[in-house]
Amino acid sequence: MMKRFRTYRETQEIRDKYADVRPIVPGDLIYPYFVTEGEGVRQEIPSMPGVYRFSIDQLLVDVEELLSLGIDKMLLFGVVADSAKDERGSAAYCAGNLISRAVEAVKARFPGIVVFTDVCLCEYTSHGHCGLLHDRDVDNDSTLPLLAEMAYRHAVAGADFVAPSAMMDGQVAAIRERLDSERLNTKILAYSAKYASAFYGPFRDAAASAPSFGDRKTYQMDFRTKNQGLEEIAADIEEGTDWIMVKPALAYLDILYRASERFDGYPLVAYQVSGEYAMLKNGAAQGFFDEKRIFSECLTAIRRAGADYIISYYAKNIVE
């Protein structure tokens, strides 16, 4: 006997009835911001149409719009001038650093918003790598205290979550120890399964964080592996993370699904990264597909694979 499946699809009402993936709502979304020095700065990023670098005063204007859409979570990245960078990334963790000031300003104006801060040195080092160099190689263990100091500064400023993305072994443990020693209740969102991906290209333009030599394959994960991501997540949980992440999203839906199955109970975040965003935006601009539909489909696929929360540069648009 032939099974009739088309009866599930005859009208929009019927399709809605049988859809078994929970719709994405504003509370599921985390919007990333690029923050820079100065005043009155709202500078569109050429490789990421519709995404801007903001000075702190303009950031506050945009956050008000974000909250009006019901999105109550934001992730902050710092963008500093080349003249402020050095080999140790000092601008990332010095007193009065850019992101700490941004957190203080946001929390003073909008105390209810949930602020995540990126914890990595790449935006602040003169060489563009995510940690300290030793003979042109990134030295893991000497980088850990600096990441912990950066996280501490953000936490004191009022960050709700610090999000270590440097992919240094032991980074979560180092940050957890520092936060606990200071009796800070700030949570950790670990970039646990972060792959060395070509999809990061536009971000490096946006954050001026491209490495000046080599690449990041010695510390970000090889995309040809399928089990290391789960091992990295398990290690971060053991070290004390509160939330976990898979990054990028679309090319790693299998990892996302497996993580959701294995680590049920830990909030799972997926990052729809800059290259994914730019690819879809540019494809829609060329008329290859409908922008709203393609983003809806891709974000739903990320949810279908098991993400509880999604970081996306399209978050405001999908709500609108």
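I looked up Phe-203 first: its relative accessibility is 12%, so Phe-203 counts as buried (buried is under 20% relative accessible area, exposed over 50%, partly exposed in between, with a 1.4 Å probe and protein chains only). The model is a predicted one, in which local features need pLDDT of at least 70 and side-chain atom pairs count only at pLDDT 80 or more, while totals for chains, interfaces and linings use all residues. Residues are numbered from 1 along each chain as its sequence is written, and side-chain values use heavy atoms, with hydrogens and water left out.

**Rings**

I counted aromatic pairs and got 19 (rings of Phe, Tyr and Trp, the last by its six-membered ring, with centres within 6.5 Å; planes under 30 degrees apart are stacked, over 60 edge-to-face, the rest tilted). Phe-34 and Phe-203 make a tilted pair, at 5.5 Å centre to centre and 50° between the planes. Phe-34 is in strand E1 (residues 29-36) and Phe-203 in helix H6, so this pair ties together parts 169 residues apart in sequence (helices, H or I, of at least four residues and strands, E, of at least two are DSSP runs, numbered from the N terminus). I checked Phe-34 as well: Phe-34 is buried, at 0% relative accessible area. Ring pairs join both into a cluster that includes Phe-77, Tyr-191 and Tyr-271.

**Lys-247**

I then looked for charges over rings (NZ of Lys or CZ of Arg within 6 Å of the ring centre and within 35 degrees of the ring normal). Lys-247 sits over the face of Tyr-200 at 5.0 Å from the ring centre, and over the face of Phe-203 at 5.8 Å.

**Cavity**

I searched for cavities on a 1 Å grid over the protein atoms alone, a cavity being a set of points where a 1.4 Å probe fits but cannot get out. There is 1 cavity of 30 Å³ or more. The largest cavity holds about 160 Å³, a volume being the space filled by probe spheres set on the points, which are joined across faces, edges and corners. Its lining has 19 residues, and the closest to the centre are Lys-194, Tyr-200, Phe-203, Arg-216 and Lys-247 (a lining residue has an atom within 4 Å of a point). Strand E9 (187-194) and helix H6 (201-206) are the elements that give two or more residues to this lining. I sorted the lining into 10 nonpolar, 3 polar and 6 charged residues (Ala, Val, Leu, Ile, Met, Phe, Trp, Tyr, Cys and Pro are nonpolar, Asp, Glu, Lys and Arg charged, the others, Gly among them, polar).

Note on methods:
1 Å grid on protein atoms, 1.4 Å probe; cavity = no way out; pocket = protein on both sides within 12 Å on 5 of 7 lines; lining within 4 Å.
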